[in-house]
Each structure stands twice: as structure tokens, then as C-alpha cells.
Amino acid sequence: MNYALIFIMPLAVVAAIMLPLFVSLKRIHDKKPVNRKRAVIANVVSFFGVMAVMTMLPLTGAFAETAEAAEAASGGLAEGLRYIGAALSTGLGTIGTGIAVGGAAPAAIGAVSENDKSFSKALIFVALGEGVAIYGLLISILILFG
């Protein structure tokens with residue numbers, strides 16, 4: 001294995017992600033106008049581009065020393081996709097829970113402050129939003145161990 005590649009690749013990745021920031025800082029230093037929205041979009045695009053490339057490189061067996069190692073690396077694709085599926089089901093489920101609780105909790109607090117008897121009904125609506133995260137976690141467990 002080429003050890004120079006091990007040390008140079010992380011530096012290249014950080015440089016690729018930080019390049020839009022450095023360009024913006026250079027423009028500020030030169031007293032030129034900076035479009036902040038464009039700078040943020042460029043930084044986000046460069047981040048996700050680098051992450052996509054870094055995710056796909058090991059799957060292609062680019063770092064494998066022999067043909068057997070390349071075959072073993074491509075055999076791990078199914079397991080890697082299982083982990084990605086489990087992470088997406090949990091992550092998207094918790095994002096949905098955050099959106100649901102973010103809307104239900106303030107309404108529940110307002111309802112309880114007006115009428116103390118509505119506490120149990122308000123609690124049910126907040127708990128229904130939390131159920132989405134539990135379902136996402138259940139799907140993740142089924143993907144990983146099913």
C-alpha cells in the first residue's frame with residue numbers, strides 16, 4: 001500500500017472542502033464584494049461532492065492491493081448498503097419526529113395553559129409524534145439483524 005497516499009488524501013479532502021471558504025476570504029481581503037449565499041452553496045456542494053467520492057472509492061476497490069482484495073471489497077457493498085439503509089431509516093424517522101414534536105408541543109403547552117383538563121389529550125398528540133422515531137428504530141433493527 002502506498003503510505004504517501006494515506007497522508008496526502010486527507011489533506012486533499014480538507015483542501016477541497018475548504019476551497020470555497022478560502023476564495024471568499026481572499027475576496028474579502030481584496031475588498032471585493034462577496035455573495036454569501038453563493039459561498040455557502042459552493043461549500044455545501046463541495047462537501048457533499050467530496051463525501052460522495054470518498055464513499056464510492058472504497059467500494060470500487062481502488063485501494064486494494066490484489067484482485068482478491070478488490071473482490072472482497074466489492075463483496076462488502078451489500079453490507080455497506082444495509083448500514084446506509086439502517087442509518088437513513090433512523091435518521092429520517094428522527095427528523096420527522098422533530099418536525100412533529102416541534103409543532104405539537106407548543107400547541108399542547110398552550111392548550112394546557114388555558115385548560116388543565118386537556119393535559120392527557122395534549123400528551124397523546126406529542127407521544128404520537130414520538131412514535132415515528134420508534135418505528136424508524138424498529139426498521140433499522142430489522143434491517144441490521146433480520
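**View 1. Ser-24, a buried spot in helix α1.** Ser-24 is buried, at a relative accessible area of 13% (buried means under 20%, exposed over 50% and partly exposed in between, using a 1.4 Å probe and protein chains only). You'll find Ser-24 in helix α1, which covers residues 3-29. Skip the residues up to four places away in sequence, and Ser-24 touches Val-34 and Ala-39 (contact means heavy atoms within 4.5 Å). This is a predicted model, where local features need pLDDT of at least 70, side-chain atom pairs count only at pLDDT 80 or more, and totals for chains, interfaces and linings use all residues. Numbering starts from 1 along each chain as its sequence is written, and side-chain values use heavy atoms, with hydrogens and water left out.

**View 2. The whole chain, with its confidence.** The protein chain has 5 helices and 0 strands, running α-α-α-α-α from the N terminus. Helices (H or I, at least four residues) and strands (E, at least two) are DSSP runs, numbered from the N terminus. Mean pLDDT for the chain is 82, and 84% of the residues score at least 70; pLDDT is the predictor's confidence in each residue, from 0 to 100. Helix α4 (residues 77-114) has the highest confidence, at a mean of 89, while helix α3 (residues 67-75) has the lowest, at 62. Of the 146 residues in the chain, 16% are buried. Take the contacts between residues at least 6 apart in sequence, and 64% of them join residues at least 24 apart.

**View 3. Helices α4 and α5 side by side.** The axes of α4 and α5 come within 8 Å and cross at roughly 175 degrees. Those axes are lines fitted to C-alpha atoms, for helices over the stretch in contact, with angles from 0 to 180 degrees between N-to-C directions. The residues of the contact of α4 with α5 divide into 18 nonpolar, 9 polar and 2 charged. Here Ala, Val, Leu, Ile, Met, Phe, Trp, Tyr, Cys and Pro count as nonpolar, Asp, Glu, Lys and Arg as charged, and the others, Gly among them, as polar.

**View 4. Helix α4 and its buried Thr-97.** The 38 residues of α4 should span 56 Å at 1.5 Å a residue, and the end C-alpha atoms agree with that, sitting 55 Å apart (the expected span is 1.5 Å times one less than the number of residues). Ala-86, Ser-89, Gly-93, Thr-97, Val-101, Ala-104 and Ala-108 are the buried residues of α4, and they pack against α5. Zoom in on Thr-97, with its relative accessible area of 7%. Beyond its neighbours within four places in sequence, Thr-97 is in contact with Gly-102, Gly-129, Glu-130, Val-132 and Ala-133. Thr-97 and Val-132 are 35 residues apart along the chain, with 5.8 Å between their C-alpha atoms.

View 5. Helix α5 (residues 119-145) has 27 residues and reaches 39 Å between its first and last C-alpha, close to the 39 Å expected. Buried in α5 are Ala-122, Val-126, Gly-129, Gly-131, Ala-133, Gly-136 and Ser-140, and the buried residues of α5 pack against α4. Leu-137 also belongs to α5, but is partly exposed, at a relative accessible area of 45%. Leu-137 and Ser-89 are 48 residues apart in sequence, yet their C-alpha atoms are 7.1 Å apart in space.
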